[in-house]
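This report looks at how one protein chain is folded, beginning with a single residue pair and widening to the chain as a whole.

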Amino acid sequence: MSDWVSFYDFKHSVIYVNARHRDVHYRTIAQDIRAYVPSPTAQVLDYGCGEATSSELIAEAAGQLVLVEAAPNVRASLTLRYAGHPKIAVIASEQTAALPKASFDLIVMHSVAQYMTAGELERLLGIFHALLKPEGLFILGDIVPPHFAAPAAALALLRFGARNGFFWAAVGGLLRIFVSDYLRLKNKFGLSHYTEEAMLKKLAAAGFAAKRAPRNIGHNQRRMTFLCRLALTAR
Ligand SMILES: C[S@@+](CC[C@H](N)C(=O)[O-])C[C@H]1O[C@@H](n2cnc3c(N)ncnc32)[C@H](O)[C@@H]1O
């Protein structure tokens, strides 16, 4: 398990300032992802889904939703949450490559790439490329641009808190993150940042025809979402 995966491997991550923040966060993301589900029969994969407390909103609009989570405790809690849900399956990240090739209409990876090395991300892009149907869509969300990422994230969280009734909890949560392992891990392992140009180049090298979406999934509009189709030359 990578150190970032261990950091996230709590039933409730320190990243969410309280249950309300966590639930509003996941509801916002699920609503945004749902808007990209192309049909009621669509096969959807959400890689690095985290606590995913609103995934039924995505599943409602799709044929099947596969949630992929690397952190074992988070995965156990997801498995319990969605046990018996007819459209939702939960798997570990190492099972992803063995999924049937060309079988997904929509693959989403949101707010995960920053925790991966460039090499890890490249390997995963290769897997997604193989799993996507020829007309499928891969969404790479919450890509963090270089410069001022931390103050921008803090400000976005405070604004999100103010809009959703957890402003003071967000202030407290930021202080808690400050004394948590987050900064130690950030200093030791870093977070991967990409400019729009660098990410478009990386996606093209992986065989995707990509463009930046007009808005990012979720609440932080300084971060970027990319919409990626299989490039014709790569088929
Ligand atoms: C910020 S959470 C994102 C959760 C959800 N997708 C969202 O947007 O809220 C980061 C997720 O990335 C996962 N993660 C971190 N490093 C990873 C890695 N190297 N491989 C796979 N998953 C990783 C963690 O387990 C965690 O669930």
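In this predicted model, Ile139 stands opposite Leu227 of strand S7. The strands concerned are S5, residues 132–143, and S7, residues 224–230, which run antiparallel and are joined by four bridges. In general, the strands of a sheet pair through backbone hydrogen bonds, in either a parallel or an antiparallel manner.

Strands S5 and S7 belong to an open sheet of seven strands, whose order is S3-S2-S1-S4-S5-S7-S6 and whose pairing is mixed. The edges of this sheet are formed by strand S3 (88–91) and strand S6 (208–212), each of which pairs on one side only. From one strand to the next, the twist averages 20°. Helix H9, covering residues 196–205, lies across S5, S6 and S7, and runs at about 160° to S6.

Taken over the whole protein chain, the secondary structure comes to nine helices and seven strands. Among contacts between residues at least 6 apart in sequence, 70% join residues at least 24 apart. The radius of gyration is 17 Å, which agrees with the value near 18 Å that a compact globule of 235 residues would have.

The table gathers further values for the chain.

| Property of the protein chain | Value |
|---|---|
| Box filled by the C-alpha atoms, along the principal axes | roughly 50 × 40 × 35 Å |
| Share of the 235 residues that count as buried | 49% |

Technical notes:
Residues are numbered from 1 along each chain as its sequence is written. This is a predicted model: local features need pLDDT of at least 70, side-chain atom pairs count only at pLDDT 80 or more; totals for chains, interfaces and linings use all residues. Side-chain values use heavy atoms; hydrogens and water are left out. Two strands pair if DSSP finds at least two bridges between them. Helices (H or I, at least four residues) and strands (E, at least two) are DSSP runs, numbered from the N terminus. Axes are lines fitted to C-alpha atoms, for helices over the stretch in contact, and angles run from 0 to 180 degrees between N-to-C directions. Contact means heavy atoms within 4.5 Å. The radius of gyration is taken over C-alpha atoms; the globule rule is 2.2 Å times the number of residues to the power 0.38. Buried means under 20% relative accessible area, exposed over 50%, partly exposed in between (1.4 Å probe, protein chains only).
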